[in-house]
Amino acid sequence: MEQHFDLVVVGAGIVGLAHALVAARLGKRVVVVDRDAQANGASVRNFGFVTVTGQARGEVWRRARRSAAVWNEIAGPAGIEIVQRGLTLVARRPEARTLLQAFLETEMAEGCTWHEAGQLANRLPGQGEVLGALTSSVDLRVDSRSAVPRLSAWLQAAYGVSFLRSVAVLAVETGRVETSAGALRADSVVVCPGDDLVTLFPDHFAKAEVTRCKLQMMRLADPGWRLPSAVMSDLGLVRYLGYAELPESAALRARLQAEQPAHLQHGIHLIVVQGADGSLVVGDSHHYAPTPDPFGREDVDALILEEFAKVFGQAPPPVLERWTGTYASAAGHSLVAAPMPHVRLVTVTSGTGASTAFGLAEEVVAGLFDLSPGVAA
Ligand SMILES: Cc1cc2nc3c(=O)[nH]c(=O)nc-3n(C[C@H](O)[C@H](O)[C@H](O)COP(=O)(O)OP(=O)(O)OC[C@H]3O[C@@H](n4cnc5c(N)ncnc54)[C@H](O)[C@@H]3O)c2cc1C
């Protein structure tokens, strides 16, 4: 006999797990179905950097604030360590300083302060070419490789969420989900397939012009010092929309185009986070294609490490691991569609799923179960 659930979630990445959490907290009977044996997509390949500061103004920034609050709430019960708190966003050029000071005048700068270079010793060991930095207290970092499996295990143990692993979802219709292991019956279905744009509802992805973005990442050996918070630099200011959409970004972009054209060409910006074992996760680059090639380019990694050396004033420690990851990419924060009654398709299209999934899932679940705003929070 077909099993019946209140909600079937397709995809056990962070976006699917966020929907499972919100629905389970409402007392719904939830099953999560994923074709992989364990989390293997963007959700475990990322920095685990829950970025609030610099997210696009308005609803995305609010989703990020809400998501950071949920990470803080669930970390203890789920056994997830918050490895770092806050952000140190280094200005290497006067144009970056001007942009950050304009940002500090906005409502998005809640929890942010400016520090001159001389005041950064306890936040930025081995300072390189640094004029100063914006610091924030709202951002946080989890180690995704352990956090995502722990979140799944806790959803199962604490809320009775079921997981079907190594099972592909082949088709979805209202009330019924066809899988490689048989059919499931469900009142509602949320499809969170990450960057699989062709298996389920491909017409919606095509209409929204969703493509894929490939990123190169590295893990470096423990440098012997500790970073209390994530570190970024000038290059991030022209990618994160909370800064990039301010008029002061134009002067910085022009200077970067003149001084670091190869970095801009490969979509490189610097993010450095540190794990409990001292190793650093460092990235990244952005290359777009429907099927990006799987190959990591040495010249791209070298450009990322060159920026590391400029910020920290020292050669990077040895590279321990390299990997690539991909995510769905399109204009706008996310694709949320209702392809049929009681079915939602949800994909974050801006590379910010770890930072925004919980806030987004609360909105989607409230809509799906016809709840008044705030009830799913
Ligand atoms: C290298 C890298 C660094 C990043 N850094 C950050 C960061 O620091 N902070 C941040 O906020 N965001 C970051 N992102 C973006 C973030 O990781 C993604 O937005 C997020 O993980 C997307 O989550 P997801 O659940 O949609 O996708 P995924 O994690 O890819 O999960 C989708 C799941 O759906 C399953 N699936 C798909 N189709 C089917 C099907 N038909 N049947 C069964 N299962 C199916 C897949 O097997 C997969 O497990 C980064 C991304 C990358 C690649």
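A salt bridge here is a side-chain nitrogen of Lys or Arg within 4 Å of a carboxyl oxygen of Asp or Glu. This is a predicted model: local features need pLDDT of at least 70, side-chain atom pairs count only at pLDDT 80 or more, and totals for chains, interfaces and linings use all residues. Residues are numbered from 1 along each chain as its sequence is written, and side-chain values use heavy atoms, with hydrogens and water left out.

**Stop 1: Asp 234 and Arg 93.** Asp 234 sits in helix H7 (residues 234–237), and Arg 93 in the loop between strand E4 (82–91) and helix H4 (94–104), so the bridge ties together parts 141 residues apart in sequence. Helices (H or I, at least four residues) and strands (E, at least two) are DSSP runs, numbered from the N terminus. Asp 234 is buried, with a relative accessible area of 0%. Arg 93 is buried too, at 5%. Buried means under 20% relative accessible area, exposed over 50%, and partly exposed in between (1.4 Å probe, protein chains only).

**Stop 2: Lys 214 and Asp 293.** Select both. The closest N and O atoms of this salt bridge are 2.8 Å apart. Lys 214 lies in strand E11 (residues 211–220) and Asp 293 in the loop between strand E15 (287–289) and helix H11 (298–312), so the pair ties together parts 79 residues apart in sequence. Lys 214 is buried at 4% relative accessibility, whereas Asp 293 is partly exposed at 41%.

**Stop 3: Arg 322 and Glu 298.** These side chains form a salt bridge at 3.5 Å, N to O. Arg 322 is in strand E16 (residues 319–340) and Glu 298 in helix H11, 24 residues apart. Arg 322 is partly exposed, at 43% relative accessibility. The whole structure holds 26 salt bridges.

**Stop 4: H3 and H12.** Now select residues 59–78 (H3) and 353–368 (H12). Their axes come within 6 Å and cross at roughly 100 degrees. Axes are lines fitted to C-alpha atoms, for helices over the stretch in contact, and angles run from 0 to 180 degrees between N-to-C directions. The two helices are therefore roughly perpendicular (65 to 115 degrees). Show side chains at the contact (heavy atoms within 4.5 Å). Among the contact residues are Val 60, Trp 71 and Ile 74 of H3, and Phe 358, Leu 360 and Glu 362 of H12.

Conventions
Angles under 35 degrees count as roughly parallel, over 145 as roughly antiparallel, 65 to 115 as roughly perpendicular and the rest as oblique.
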